[in-house]
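Okay, everyone, thanks for coming.

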Amino acid sequence: MSEQVVIVGFGPVAARLVDELLPAVRAGHVGLTVVGEEAEAAYNRVLVADLGVGRTTADALALSDAAALVAEGVDVRLGVRVRRVDRARQQVLLSGGDSVHYDRLVFATGSRPVIPNLTGINPDPTSPVLPAGVTALRDLRDADVLRRAVDGGKRVVVLGGGVLGLETALAAAEEGATVTVVHNGPHPLGRNIDRGGGAVLAAGLRRCGVRMAGNARSTGVEHNAPDGGFSALLLDDGSAIDGDLLVISCGVRPRTELAEGCGLSTAAGILVDHRLRAHHEPHIFAIGDCAEVRCPDPDCSACRNAKGPSGLVGPGWRQAEWLAEYLTLLASGALDDAEVLPELPAEQAGVIVLKARGLNMAVAGDNSADPWDDEALNAGAVNGRPRLQVAQWADPEHGRYVKMTTRGGVLEGLVAVGMPRTAAELVGLFERSAELPADRSLLLRLDGPDQLPGAGTADPAGTVCRCAGVSGTAIQDAVAEGCSTVAEVSKATRAGTGCGGCHEDIKGLIEKHFQAVSAA
């Protein structure tokens with residue numbers, strides 16, 4: 001008899017888990033039900049802004065085909081909300097009154113946008129009421145709202161200086177909207193980038209046509225438009241920023257309410273161990289944005305300083321792939337093999353990449369220390385451990401800035417703005433924990449005028465798509481087999497189906513292949 005696996009949530013991470021479980025479904029080991037609140041099957045939520053400015057299509061964002069899954073034997077429930085989970089009876093109770101039995105339950109509920117407490121917006125954090133002309137840009141309907149504003153050349157106000165808000169602002173400005181970014185603090189990406197890099201980034205955004213309003217604290221929204229919609233964002237100094245559309249991009253918060261409602265342990269996210277099992281509940285798992293890997297063992301050194309959910313799709317996909325293997329072993333009766341399956345490897349620190357036309361940035365790790373800050377540089381330098389070293393170079397006039405924070409020659413943090421080739425090399429070194437050359441200026445020269453055209457093309461030997469873990473070699477093989485567009489490469493390899501930051505690199509590999517063919 002097959003094990004019944006129920007997945008609550010149908011976003012990108014759940015879609016990957018479903019795909020990886022399909023062989024077990026076909027073999028009859030797993031009966032699979034997936035429940036999604038939205039009427040659409042899983043799609044790439046990260047690229048909703050691209051859809052909103054007309055740079056992609058809803059079909060291109062799709063990550064799953066509900067009809068095809070049903071044909072494979074998967075029970076797909078779309079437009080259905082889970083009311084609660086009955087752990088005693090191992091049942092999921094649905095909004096329509098139905099219930100679904102489970103042997104294994106997986107929470108893949110993702111996250112919800114953080115809506116600041118502003119006058120004019122319902123303050124209920126779990127169900128805020130956004131007035132007309134205000135969007136958090138999370139789903140396909142939000143994309144339609146942005147599209148109408150951009151097509152009409154309207155005034156768009158983006159509240160929040162995170163990477164998604166900046167990408168939305170850059171794309172909307174390039175497509176004809178008048179865009180203002182409002183953020184708290186002296187520069188955007190305040191939690192991730194140092195002061196120098198933030199200042200150069202802000203200047204680059206202004207050069208790209210984006211107005212910046214820093215050190216601004218918003219207090220409310222005004223909706224005096226003719227249709228009763230948004231008309232201005234109110235600030236605490238008494239000023240207002242007029243606009244036709246407000247895009248709220250203030251981060252996300254894991255959706256844990258269902259897990260809390262059935263008595264599971266939560267912190268920032270649903271607490272799970274290194275096998276993604278909920279604490280003290282062997283039948284329930286959590287993956288993706290809603291899951292916080294922090295095991296209940298107080299002596300576990302890996303969990304002592306663990307952070308909450310990363311909020312990135314790549315780690316979620318790797319969790320889905322590992323969990324699918326584990327659940328398949330359990331369902332097929334290979335219990336001994338399941339118990340000796342190596343635990344999910346810990347994730348490396350994330351890399352934030354901003355790639356827009358006219359602006360390139362990469363940020364990773366701890367880059368806060370300054371070259372002459374002895375206290376910060378000596379922190380942690382005990383028992384023979386080397387002190388931090390900082391190499392920094394700035395050319396604000398031309399929008400270029402690089403900072404390398406190393407310990408023992410290995411990067412612990414980096415910032416690169418306006419230096420795409422240097423950024424690509426630094427990111428590769430950071431992810432491999434490889435030692436930098438003693439002469440750091442060699443890395444700066446990658447963006448110098450003496451470099452040959454195409455020097456910035458992705459390295460085939462390295463990872464091009466960090467979200468899906470796809471190498472340049474795999475992409476080249478797909479192109480050699482007939483893929484001639486980014487969409488075709490994505491379908492064949494999954495490269496480019498995450499944050500989209502590798503699309504230009506994929507294009508470069510495609511162009512390089514066809515240039516070589518035509519030259520031959």
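**A walk through the chain**

Let's start with contacts: among those in the chain with a separation of 6 or more, 59% are between residues 24 or more positions apart. Keep in mind as we go that this is a predicted model.

So what's it built from? The chain has 17 helices and 28 strands. Along the principal axes, its C-alpha atoms fill a box of roughly 65 × 60 × 60 Å. For 520 residues, you'd look for a radius of gyration near 24 Å in a compact globule, and the chain has 24 Å, which agrees.

Of the 520 residues, 49% count as buried. The accessible surface comes to about 24,100 Å², and carbon and sulfur atoms hold 48% of that. As for charges, there are 48 positive and 65 negative ones, and their mean positions are 3 Å apart.

Now let's zoom in on helix 15, which runs over residues 472-480. Which residues are buried there? G472, I475, A478 and V479. Look down the axis of helix 15 and those buried residues fall within an arc of 120 degrees, so they line one face of the helix. Just after helix 15, you'll find G482 with a positive phi of about 120 degrees.

Next, two single residues. What does W322 touch, leaving aside neighbours within four places in sequence? Its contacts are R275 and L276, plus L341, P342, E343 and L344. For a sense of distance, W322 and P188 are 134 residues apart in sequence, and C-alpha to C-alpha they're 35 Å apart in space.

Then there's E435. You'll find E435 in the loop between helix 13 (420-432) and helix 14 (441-444). With a relative accessibility of 58%, E435 counts as exposed, since the cut-off for that is over 50%. E435 still has contacts beyond its neighbours within four places in sequence: G408, G409, V410 and L429. And R16? That arginine is 419 residues from E435 in sequence and 34 Å away in space, C-alpha to C-alpha.

Terms used: Residues numbered from 1 in each chain as written. Predicted model: local features only at pLDDT ≥ 70, side-chain atom pairs only at ≥ 80, totals over all residues. Heavy atoms only, no water. Helix = DSSP H or I, 4+ residues; strand = E, 2+ residues; numbered from the N terminus. Rg over C-alpha atoms; globule rule 2.2 N^0.38 Å. Buried < 20%, exposed > 50% of the residue type's maximum accessible area, 1.4 Å probe, protein only. Contact = heavy atoms within 4.5 Å. Areas by Shrake-Rupley, 256 points an atom, 1.4 Å probe, with all protein chains shown as cover. Lys, Arg positive; Asp, Glu negative; His and termini not counted. Charge placed at Lys NZ, Arg CZ, Asp CG, Glu CD. Arc of directions from axis to C-beta.
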